[in-house]
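Biologist: I would like to learn how to read a pair of packed helices. Please take me through an example.

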Amino acid sequence: MDSCVDTKPVFRLQPEDGPSFERHGARRNSRWLLVCDHARNRVPRCLGDMGVGAPEFERHLAYDIGAEGVTRHLADLLDAPALIHGFTRLALDPNRQLNDPALMPPVSDGVVIPANRHISHEEQQARIDALFRPYHLAIADALSAVRMRGELPILLSIHSFTPEMDGFKRPWQVGVLWDRDKRLAAPFIKALEEEGLVVGDNEPYSRQSYRTYTVESHAEDLGLPNLLVEVRQDLIETEAQQKAWAERLFKALPKEV
Amino acid sequence: MSGFSLTEADGPSCEHYHAGRKSRWLVVCDHARNKIPLCLGNLGLAPEVMEQHIAYDVGAEGVARQLADLLQCPALLHGFCRLVVDPNNQPDTPGIMREIACDGTEIPGNRNLSAAHKQARLDALFRPYHRAIADAMAAIRARGELPLLVSVHSCTPELNGHQRPWHIGVLWNQDGRLALPVMKSLEAAGDIRVGDNQPYSAQETRFYTTSVHAEDLGTPSVLLEIRHDVIATPEQQKVWARRIFSALPESV
């Protein structure tokens, strides 16, 4: 009789889950702020395995493999703070507009995510309150702190991409994604190419054709310089590789904007 | 359409009314004015069109200023006609520079805009306003306080043949901390018809200003749509500013 009654408790982070994001080098005073939206594949405990097999959480659909390590090392090199999101994008993708269906994707990369099908309104709100708002408030605050010191902040968002998508082998080693503000992108792309790297200019996808959230809402819309960098996953699997790539990116970043 | 640039004669893209006031409240008025930047001429529109709702929110600026005075808080007033750039829309949506206004009027000056021209408009009329709002909200948060955002708009008594019975619409998405007490208090007056997410709903449409600067960050906000005909004169605007002031909760 009661078998169709959904008794699933509403989403809630528990103390063992830890905080929804981490501040790395929070006290550093810099114009630069690094963010890593898809740093981790951790699932909030109350979601179990989300109805997805454990191996799926080791793949790109759950997080940006290698991106967190690159972010930390690059933040250290720039002597800048970084904000690192703490949970899998399958629970909530903090780089999506709140009205984007991909915020809690029912299907990702062809894989059905049962825990994201028919989510109650209440649970959606609870996930947003726990996994979206604290992270974005922290980003807004960090950028504001720079502006209130009278400096122009620079937002750098670090992601990674799969080597292959829908049968297409992506040739780029690194993608530099920009929308309208090319102040950082143009010299950065040039410097990376001079190092002999295969650079995707607004690849593997273009920010001019798809509006994500983090860089747009916190920087682009306010006229602040920003960049989204996508490194190919297979190049940043190990800590040593992540460090080497952070050094490469650091060398190529324009220091004056 | 040639290039776009504001000149000194145009004045600033937005006005920061009483910027020095320290308050948890911030009043914004996205569609305060019907001014068109000189370089755009008249956008191909007749002068009488510029006096209508499609160009700006008639009466809203007066209410916004008076409300800011009562709350003793700053206000940010956008300086130009919404047909040039609508600051309450996302930059990548058609609503940002409409070729056809909501009542069907064609806007010749918005046809076939080059990407460079659109960017110049955004750089001049969208980004500085939103950066000013972000800064004002950040300054409140930096003092350790939770900011409270009130967005003042006005609406036509009639759209496409539909009479709008509400004197004021209270628009909110998920965070009802401001909207619910405001509605309750306005309704308690007995003679005011209050629309709950009317004449349109913030739960169905993502309004840019309140979403990005407040709702998305867990900050309380409310969008008010007051009917034009009840705020046509400065005296009426004053009355409505007082009504709204009295209806806003003292603590959130």
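Biologist: In which hand does helix 2 of chain B pass helix 6 of chain B?

Modeller: The crossing of helix 2 of chain B past helix 6 of chain B is right-handed. A crossing is right-handed if the near helix is turned clockwise from the far one by less than a right angle, and left-handed if anticlockwise. Helices here are DSSP runs (H or I, at least four residues), numbered from the N terminus.

This is a predicted model: local features need pLDDT of at least 70, side-chain atom pairs count only at pLDDT 80 or more, and totals for chains, interfaces and linings use all residues. Residues are numbered from 1 along each chain as its sequence is written, with chains lettered from A and ligands numbered from 1 in the order in which they are written.

Biologist: What describes two packed helices?

Modeller: The angle between their axes and the distance between the axes. In chain B, the axes of helix 2 (residues 60-71) and helix 6 (residues 234-247) come within 8 Å and cross at roughly 45°. Axes are lines fitted to C-alpha atoms over the stretch in contact, and angles run from 0 to 180 degrees between N-to-C directions. Helix 2 of chain B and helix 6 of chain B are therefore oblique to each other. Under 35 degrees is roughly parallel, over 145 roughly antiparallel, 65 to 115 roughly perpendicular, and the rest oblique.

Biologist: Which residues make the contact?

Modeller: Two residues are in contact if their C-beta atoms, placed from the backbone, lie within 7 Å. Helix 2 of chain B contributes residues including Val63(B) and Leu67(B).

Biologist: How many residues of chain A are in contact with chain B?

Modeller: 18 residues of chain A are in contact with 21 residues of chain B. Helix 2 (residues 121-148) of chain A gives the largest share of chain A's side, ten residues.

Key:
Helices (H or I, at least four residues) and strands (E, at least two) are DSSP runs, numbered from the N terminus.
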